[in-house]
Amino acid sequence: MRTLCPAGLPKPSEDARDESLYNTGWKSQRDKPAGGRGSRRGVRTVPTFKRGRAHKVGLSPGTLVHAGGSKTEETRISLMTYDEAAYEERELTRVEEAFPLKDGPTVTWIDIDGLRSIPTIEALGEHFGFHSLVLEDVVTTGQRPKMEDHESYLYLVLRMVRSKDSTGEIDDEQLSLFLGPGWVISIQEKAGDVFDPVRERIRSGKGRIRKMGAGYLAYALIDAVVDHYFVVLERLGDRVDALSERLVTEPGPASLRELQTLRHELLFLRKWVWPLRDVISRLERCESAFFSDSTRIYLRDVYDHAIQVMDTVETYRDMVSGMLEIYLSSLSNRMNEIMKVLTIITTVFIPLSFVAGLYGMNFQYMPEIEWRYGYFTILGLMAVMACGMVLYFRKKRWL
Amino acid sequence: MRTLCPAGLPKPSEDARDESLYNTGWKSQRDKPAGGRGSRRGVRTVPTFKRGRAHKVGLSPGTLVHAGGSKTEETRISLMTYDEAAYEERELTRVEEAFPLKDGPTVTWIDIDGLRSIPTIEALGEHFGFHSLVLEDVVTTGQRPKMEDHESYLYLVLRMVRSKDSTGEIDDEQLSLFLGPGWVISIQEKAGDVFDPVRERIRSGKGRIRKMGAGYLAYALIDAVVDHYFVVLERLGDRVDALSERLVTEPGPASLRELQTLRHELLFLRKWVWPLRDVISRLERCESAFFSDSTRIYLRDVYDHAIQVMDTVETYRDMVSGMLEIYLSSLSNRMNEIMKVLTIITTVFIPLSFVAGLYGMNFQYMPEIEWRYGYFTILGLMAVMACGMVLYFRKKRWL
Amino acid sequence: MRTLCPAGLPKPSEDARDESLYNTGWKSQRDKPAGGRGSRRGVRTVPTFKRGRAHKVGLSPGTLVHAGGSKTEETRISLMTYDEAAYEERELTRVEEAFPLKDGPTVTWIDIDGLRSIPTIEALGEHFGFHSLVLEDVVTTGQRPKMEDHESYLYLVLRMVRSKDSTGEIDDEQLSLFLGPGWVISIQEKAGDVFDPVRERIRSGKGRIRKMGAGYLAYALIDAVVDHYFVVLERLGDRVDALSERLVTEPGPASLRELQTLRHELLFLRKWVWPLRDVISRLERCESAFFSDSTRIYLRDVYDHAIQVMDTVETYRDMVSGMLEIYLSSLSNRMNEIMKVLTIITTVFIPLSFVAGLYGMNFQYMPEIEWRYGYFTILGLMAVMACGMVLYFRKKRWL
Amino acid sequence: MRTLCPAGLPKPSEDARDESLYNTGWKSQRDKPAGGRGSRRGVRTVPTFKRGRAHKVGLSPGTLVHAGGSKTEETRISLMTYDEAAYEERELTRVEEAFPLKDGPTVTWIDIDGLRSIPTIEALGEHFGFHSLVLEDVVTTGQRPKMEDHESYLYLVLRMVRSKDSTGEIDDEQLSLFLGPGWVISIQEKAGDVFDPVRERIRSGKGRIRKMGAGYLAYALIDAVVDHYFVVLERLGDRVDALSERLVTEPGPASLRELQTLRHELLFLRKWVWPLRDVISRLERCESAFFSDSTRIYLRDVYDHAIQVMDTVETYRDMVSGMLEIYLSSLSNRMNEIMKVLTIITTVFIPLSFVAGLYGMNFQYMPEIEWRYGYFTILGLMAVMACGMVLYFRKKRWL
Amino acid sequence: MRTLCPAGLPKPSEDARDESLYNTGWKSQRDKPAGGRGSRRGVRTVPTFKRGRAHKVGLSPGTLVHAGGSKTEETRISLMTYDEAAYEERELTRVEEAFPLKDGPTVTWIDIDGLRSIPTIEALGEHFGFHSLVLEDVVTTGQRPKMEDHESYLYLVLRMVRSKDSTGEIDDEQLSLFLGPGWVISIQEKAGDVFDPVRERIRSGKGRIRKMGAGYLAYALIDAVVDHYFVVLERLGDRVDALSERLVTEPGPASLRELQTLRHELLFLRKWVWPLRDVISRLERCESAFFSDSTRIYLRDVYDHAIQVMDTVETYRDMVSGMLEIYLSSLSNRMNEIMKVLTIITTVFIPLSFVAGLYGMNFQYMPEIEWRYGYFTILGLMAVMACGMVLYFRKKRWL
């Protein structure tokens with residue numbers, strides 16, 4: 001039973017183990033145009049996908065309304081079709097142009113950037129026979145990574161991450177993958193993706209890709225997605241590293257904020273990667289005919305990578321959570337240092353000041369006042385007191 | 001065995017995994033009329049459902065006593081009956097008016113608001129053959145979401161949440177759903193629900209709803225309940241967001257209180273959603289004839305949504321729990337700042353004061369006193385001391 | 001296999017999931033006569049059951065030595081026997097008087113209060129054929145709730161809790177239940193129990209109880225035990241509520257102590273309820289002939305209640321654990337307030353004092369001294385300094 | 001499959017659930033002769049068994065080198081042999097003297113104290129046919145409790161604990177048990193054990209022990225080991241109790257150290273008890289012919305005890321971990337008290353001192369100075385200021 | 001099914017239990033040549049393996065690019081071949097020299113140090129028929145320990161650790177093991193390994209190793225790897241021990257840093273050991289013909305050792321995490337001590353200074369000034385005040 005390909009329903013027994021892990025639909029708030037709520041401070045910590053979701057409340061299920069908001073751009077459709085001998089690549093203005101290739105002998109890859117064009121999605125759905133709930137998932141960004149086996153096609157949702165060049169922050173978008181016999185359809189939220197190396201390999205004809213079927217292409221796309229998690233994690237690792245330094249050298253609100261940001265980014269990475277692992281594992285064990293045995297061994301490899309990503313995320317989380325404790329200890333330590341300085345100064349000078357005040361009193365009869373060397377005696381006494389105090393603090397190892 | 005529809009008993013193996021998760025019966029204490037214990041401060045943190053439960057102690061099982069207390073209102077019974085061609089909608093004064101429709105060809109939906117009318121519940125129970133323990137559960141609010149398969153009908157308990165318009169606080173009530181062949185009965189604690197879009201879809205005849213059976217109607221109701229969790233979470237997210245700002249800009253007891261309130265609300269949301277997921281999963285896998293295969297695919301969709309709700313709740317919990325730590329760090333940081341100011345001022349002026357005190361002594365023989373420029377010398381000395389201190393603090397990076 | 005009734009051995013796979021949960025044998029230390037170790041402070045936090053256990057070390061297994069200590073009182077034996085038509089109730093001086101009823105047609109309930117009379121237990125064990133290890137468990141209080149199926153009878157250990165009227169503290173005792181065909185034997189540690197409503201229902205003949213067999217009676221007793229957990233939790237909830245207020249209004253060692261007491265009480269409640277749930281679940285799924293199918297449905301209801309108790313305990317634990325953090329934050333906050341006051345006062349007056357000290361010096365040549373308006377100038381200067389400081393603190397939002 | 005007796009390999013599925021639980025080989029560092037590293041402070045917290053282990057690195061597996069170090073003493077061999085009618089007890093100088101009894105009709109118990117005599121172990125191994133890896137485990141102390149079924153014999157490793165009379169600290173040693181048809185061999189690290197009551201029962205012939213076979217003897221030994229955990233826990237409970245008091249009355253580094261010691265002792269107890277439970281559970285379910293059905297029921301009893309020990313350990317851990325938090329709160333509280341005193345004194349007197357300093361200035365023209373009642377006016381003003389401050393602190397509830 | 005040898009894919013059910021445990025590819029940052037980022041402070045906490053991984057992004061799978069970076073050195077190939085009668089050992093310049101031995105009757109062990117020579121790896125892969133993905137794993141250091149059964153050979157990845165002599169820091173490298181019928185190939189990242197004792201045993205012919213096949217050799221290598229974890233843990237234990245002392249005697253940033261370093265080292269050890277245990281367990285249960293039954297029992301032994309390593313790592317983690325809390329408590333304690341000193345001094349002297357200041361006022365009419373014993377009266381008064389204060393602090397137990 002376990003090697004069957006369950007139709008996309010996470011088994012409760014698997015879910016429960018992953019409790020409190022999943023999340024989806026978080027969007028880097030830094031993308032938001034200025035002026036919105038919370039935009040003043042540059043970082044918003046709360047996912048907004050609920051908004052889209054909440055706006056759909058009450059609609060009949062299967063109604064296509066793009067709920068992804070700010071990330072959507074113009075829709076771009078590009079087509080690649082190849083077999084071992086040749087390949088063709090072109091931009092389409094209408095998705096219908098690609099339909100004749102559906103049952104052709106070549107491998108066809110339709111890549112759609114942007115979800116704004118509902119008619120495109122609908123045409124696609126109609127021609128390829130996708131279920132309306134699946135189409136709804138495609139346009140409702142913020143899905144949790146999942147895999148559904150609809151017999152005539154496989155449907156996958158993944159979260160594709162990239163590192164922004166400037167800041168190292170995570171740029172994420174939803175990727176829908178459809179895999180059928182001889183064709184792959186990928187639908188992304190916006191322009192820009194991680195698939196250029198795959199395209200390059202198709203164009204150059206190097207490696208195995210041109211010799212294998214659509215299943216291998218799907219694998220190659222998933223592999224590209226997983227590999228970019230490594231890139232993102234490397235940037236993140238640099239930031240963890242830098243923060244680790246900075247919390248010691250310049251502790252303060254700014255570092256705390258960065259710490260919190262890192263924690264949130266790791267929180268979301270984790271929530272994308274955990275179900276991803278599940279998706280790939282189900283892909284590999286699934287008996288779908290879309291993957292040949294030789295492709296399956298590559299899926300296993302990608303699965304190992306997904307676990308490695310997960311490990312790294314967990315390690316970073318452990319490190320970042322340890323940082324806060326160390327930081328608190330440092331603050332306490334520093335506080336102790338400050339208090340010591342205050343205490344030493346105060347403790348040394350307050351008694352001296354008292355003595356000085358004593359001989360500043362105006363009593364008419366104060367015998368010491370009239371002594372010839374009273375002043376110097378008192379100065380000496382004060383010096384002794386001060387030295388005593390200092391020795392005392394030495395003994396207590398405060399100095 | 002797993003695809004069978006277990007008669008409502010949570011399997012221990014599943015329970016144990018969800019350990020410490022469930023809760024039920026929490027009522028927003030803000031509903032309470034003023035004057036009660038704890039009402040002074042506006043927020044009570046401890047659920048009171050036990051009271052109802054405790055008052056029932058010693059009664060024979062199956063005795064119907066409404067134990068839900070303050071939320072109960074007048075009972076309102078409304079009836080919708082429809083098939084693909086037509087629909088009828090009316091208010092009933094007595095529930096018995098709806099009984100003839102039970103075995104009719106149309107889909108019948110009886111919706112009851114308010115639990116005060118025990119005879120209504122009893123009449124319903126008798127006519128439809130509901131078990132007395134089930135009826136007891138209907139009137140004893142504070143049930144944990146569950147699903148029981150009584151062969152001739154399915155019984156579901158869900159917790160229906162809405163966001164109060166004014167404050168964004170959570171307004172929750174218990175929803176009992178009965179599903180039989182051709183009929184659905186929903187019993188709510190009080191007026192007002194999340195089903196208006198469903199009613200609208202029935203009236204307009206748009207979408208699939210009029211074409212499908214009672215199973216699809218039950219699905220639509222559950223879907224409406226789950227969708228409102230998204231609405232509630234969005235409001236909550238706004239509050240988390242605002243609090244995140246406020247803990248930094250105005251840390252203090254008020255923000256701490258808000259933090260605690262948020263934590264409790266998330267605690268309860270979590271405890272309602274976890275078993276909810278279980279309920280839907282069991283519904284989907286259950287072999288009951290009330291759900292056609294085409295409806296079952298929609299249940300899977302709702303299941304995905306329930307998991308997404310769960311994810312979001314967990315994410316918010318992680319964020320809110322992180323907030324307290326960050327807040328504590330901020331407090332420590334701020335304390336350090338305060339201490340630095342105190343220490344710098346004290347450390348600079350106390351030695352100066354001592355010197356001034358020294359020359360305020362009234363000794364008859366103090367040579368410096370009589371020097372022509374003694375005063376200015378001492379002033380200069382003091383300036384040097386002060387500058388030295390300031391430089392020292394500079395070096396220590398306290399300034 | 002799972003519906004079989006395993007003979008009392010917790011399956012490791014179930015145990016492991018409940019790791020760190022079980023506990024037994026804790027006795028409210030407030031029962032202890034004064035004078036003992038730790039009695040000075042009124043609360044002892046460490047269970048003492050080990051003592052009893054430890055005193056038994058080295059005895060042959062199955063040896064009956066009452067190890068429960070201080071709670072034991074005189075043994076009271078009461079008998080109830082009933083069928084649908086009639087019931088009889090009487091106090092017995094010797095347990096042997098009840099033996100003739102064992103195989104009679106009526107339902108017989110023997111209720112024994114107090115464990116001091118070892119011969120009574122032994123006579124019972126011999127007549128009913130109880131295993132010597134079971135009898136040892138009966139008299140060795142501090143057992144963990146469990147259920148053992150010895151074919152000719154079922155043996156259950158439960159922990160019965162009540163709320164003390166005066167303080168709301170938990171009063172707990174061990175309850176042993178034997179269930180055979182036509183008879184139920186309940187053995188309690190001490191007088192006073194939660195079974196009066198059950199007795200009343202038997203006497204009045206209302207409800208189902210007189211019509212059903214011994215299995216239903218056992219169910220009714222278990223139900224009474226579980227229902228009293230709700231009563232205890234309600235009292236506890238009030239205390240949690242009150243403490244929540246008090247930690248804010250009068251933080252201090254007393255509230256901390258109360259917090260710790262609450263934590264311990266919840267810790268023990270939890271450890272009694274977790275295995276209780278297991279016991280009931282096993283009862284329900286077990287194939288024993290002692291429970292008819294119609295009774296089994298009631299066991300399912302009691303199981304739901306046990307889960308609800310568990311939920312509430314977990315919720316309280318979450319709340320109480322959150323309280324400490326909030327309390328620590330409050331302390332930090334308060335400390336910051338105190339430090340601010342100190343710092344403001346010190347920072348405003350120390351420079352002023354220095355200036356005053358300056359002009360208290362006795363130098364013979366201090367030009368300002370002789371100025372006509374020197375004094376007023378200086379006073380003005382001081383006022384300016386003070387105002388400057390105050391403005392500075394305003395800017396820093398410390399005032 | 002589960003009732004089979006797996007040959008000593010912990011199933012991964014069970015191990016994983018016990019993650020982070022196991023430990024072995026910790027030796028009470030207080031046994032160490034003085035002079036070693038860390039001996040200055042009396043308590044070393046880090047297990048040293050690795051040393052022995054590390055010294056064996058590179059040896060061929062199965063090589064017998066006693067790696068237990070400091071605990072080993074002279075080897076003592078004692079023999080008990082009995083049947084229902086008679087018993088014999090004697091000390092052996094050479095283990096070979098016992099070999100003729102191996103296949104005799106009586107039950108033979110060979111008890112070896114001390115691991116220094118490798119030839120004894122080897123002779124034993126050869127005669128009884130023990131695997132060389134098993135013998136290696138016997139002499140390599142620091143094994144984790146385990147059970148291996150080698151068909152012709154069962155091999156068990158347990159950790160035997162006792163409480164030192166003087167301090168209540170835990171004294172632990174490794175116990176190896178071999179069980180074959182008609183014989184039991186127990187090998188301990190050093191003299192002194194927990195088996196005296198068992199020996200006494202054999203001698204007196206009371207109870208069941210003389211009537212039953214070697215399986216029952218093995219049970220009796222295991223039971224004695226488990227029972228002594230209760231004794232140890234009782235002593236520990238007293239220390240937890242005392243510490244709980246002391247953290248409040250005399251908080252300080254000494255109590256913190258004791259707290260840390262308790263935590264470590266509980267950590268190790270836990271790590272010995274968790275696998276112990278597993279061992280007993282496997283023993284009970286195993287189909288070995290060495291245990292008769294009537295003995296098996298006793299194993300179930302011992303299993304219940306092991307779970308009770310585990311519960312108690314977990315409870316103590318919860319308590320001890322709660323203590324630290326309470327202690328930190330107390331420290332914070334106390335700090336607040338100290339700060340309040342400082343702040344009140346400072347805030348009351350600093351302004352007064354300033355005023356006094358003001359009139360200590362030597363300006364030639366200070367009108368108040370010359371007033372008749374200037375002095376008294378100022379004194380009155382100071383009194384008013386002081387009272388104002390005190391009232392202010394009253395209002396703030398600092399007094 | 002469980003005894004089958006799954007082809008290297010960790011079963012999700014097992015993975016999930018080990019959640020947040022795995023990690024791979026961490027390299028002791030102290031190896032890095034100076035000058036790199038972070039090298040200033042000597043310790044970098046973030047793994048860099050991602051770099052290698054990230055650089056490979058976009059390459060066709062199975063492309064061999066050594067991604068291990070700084071650890072790679074010249075490749076050294078050594079060959080051992082033996083049977084019971086004889087052995088031969090030599091250094092190879094080209095790996096092809098060993099190929100003729102592949103199918104010979106002797107056991108052949110090819111050991112390769114260094115991954116720089118891609119052609120060597122490729123030649124090996126071609127001759128022995130290794131899958132290209134496996135070869136990719138060999139050269140991509142940072143793999144998670146795993147085992148893959150490719151029918152004609154087994155592939156294992158382990159992480160080999162050693163302790164650096166000078167500092168006790170952990171020196172780790174990736175070890176790839178191939179096991180076929182009659183041959184073992186081990187590929188290490190760099191020169192130096194833990195196999196010298198194995199080589200010695202082969203040379204001397206002592207023990208079992210020369211008599212057994214390649215499976216036993218593989219076992220011996222794995223055993224050597226696991227045994228060195230004990231050595232590393234012993235060094236680590238010493239450092240934990242020393243730190244435990246040092247946190248008390250010299251708390252400060254340096255000890256905090258050491259604490260953090262220890263935590264990270266334990267974090268990584270844990271992440272290497274958890275999958276290691278899995279690998280060995282799968283090896284043992286796997287039905288591969290490469291291991292004879294007599295070898296399998298040794299694998300079980302090594303499995304026990306792996307669990308013991310895991311236990312020790314977990315224990316150290318518990319200890320180290322407890323240390324931070326104790327350290328924070330100590331800091332708080334120390335702060336309280338400092339504050340007490342400050343408060344006592346301040347509180348004693350400030351009122352005295354005020355009195356002195358009072359009589360330093362220059363009012364013309366101050367009756368006490370003119371008293372004969374005014375000065376001494378005031379001195380006495382001050383002494384009384386000081387004593388009162390001291391007594392007050394005594395009472396409060398601050399002194």
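**Figure 1. Chain A meets chain B through 83 residues of chain A and 80 residues of chain B.** The model shown here is predicted. About 7200 Å² of area is buried between chain A and chain B. Carbon and sulfur atoms give 61% of that area. Three salt bridges are found across the interface of chain A and chain B. One salt bridge joins Glu148(A) to Arg300(B). The closest N and O atoms of Glu148(A) and Arg300(B) are 3.4 Å apart.

Figure 2. The copies use different surfaces, as 13% of the contact residues of chain A recur in chain B.

**Figure 3. Chain C can also be laid on chain B by a turn of 72°.** Here the RMSD is 0.0 Å, and the shift along the axis is 0.0 Å. Which residue of chain C comes closest to the rotation axis? Gly360(C) does, with its C-alpha at 4.5 Å. Again the copies use different surfaces: 14% of the contact residues of chain C recur in chain B.

**Figure 4. Seven strands of chain E form an open sheet.** Read the strands in the order β2-β1-β3-β7-β6-β5-β4. Their pairing is mixed. Strands β2 (87–92) and β4 (146–149) of chain E stand at the edges. Each edge strand has a single partner, so one side of each is left without a neighbour in the sheet. Neighbouring strands are turned by 20° against each other on average, direction ignored. Inside the sheet, β5 (residues 154–163) and β6 (residues 170–180) of chain E run antiparallel, joined by 10 bridges. Follow Val161(E) across to β6(E), where its bridge partner is Asp172(E).

**Figure 5. Two helices of chain E lie across strands of this sheet.** Helix α4 (residues 132–139) of chain E lies across β4, β5, β6 and β7 (183–188). Its direction is at about 155° to β6(E). Helix α7 (residues 253–285) of chain E lies across β4, β5 and β6. Helix α7 runs at about 145° to β5(E).

**Figure 6. Strand β5 (residues 154–163) of chain B is mostly covered.** Are its residues buried or exposed? Of its 10 residues, 10 are buried. In a regular strand the side chains alternate between the two faces of the sheet. Leu154(B), Leu156(B), Leu158(B), Met160(B) and Arg162(B) point one way from β5(B). Tyr155(B), Val157(B), Arg159(B), Val161(B) and Ser163(B) point the other way.

**Figure 7. Strand β5(B) pairs with β4(B) and with β6(B).** Four bridges join β4 (residues 146–149) of chain B to β5(B), and the two run antiparallel. Asp149(B) stands opposite Leu154(B). The hairpin of β4(B) and β5(B) has four residues between the strands. There, Glu151(B) takes a positive phi near 65°. Strand β5(B) also pairs in the antiparallel sense with β6 (residues 170–180) of chain B, over 10 bridges. Leu154(B) stands opposite Leu179(B) in β6(B). The hairpin of β5(B) and β6(B) has six residues between the strands. In its turn, Gly168(B) has a positive phi of about 80°.

Notes. Residues numbered from 1 in each chain as written. Chains lettered and ligands numbered in written order. Predicted model: local features only at pLDDT ≥ 70, side-chain atom pairs only at ≥ 80, totals over all residues. Heavy atoms only, no water. Pairing = 2+ DSSP bridges. Axes fitted to C-alpha atoms, helices over the stretch in contact; angles between N-to-C directions. Contact = heavy atoms within 4.5 Å. Buried < 20%, exposed > 50% of the residue type's maximum accessible area, 1.4 Å probe, protein only. Buried area = accessible area lost by both parts, 1.4 Å probe. Salt bridge = Lys/Arg side-chain N within 4 Å of Asp/Glu carboxyl O. Least-squares fit on C-alpha atoms with pLDDT ≥ 70 in both.
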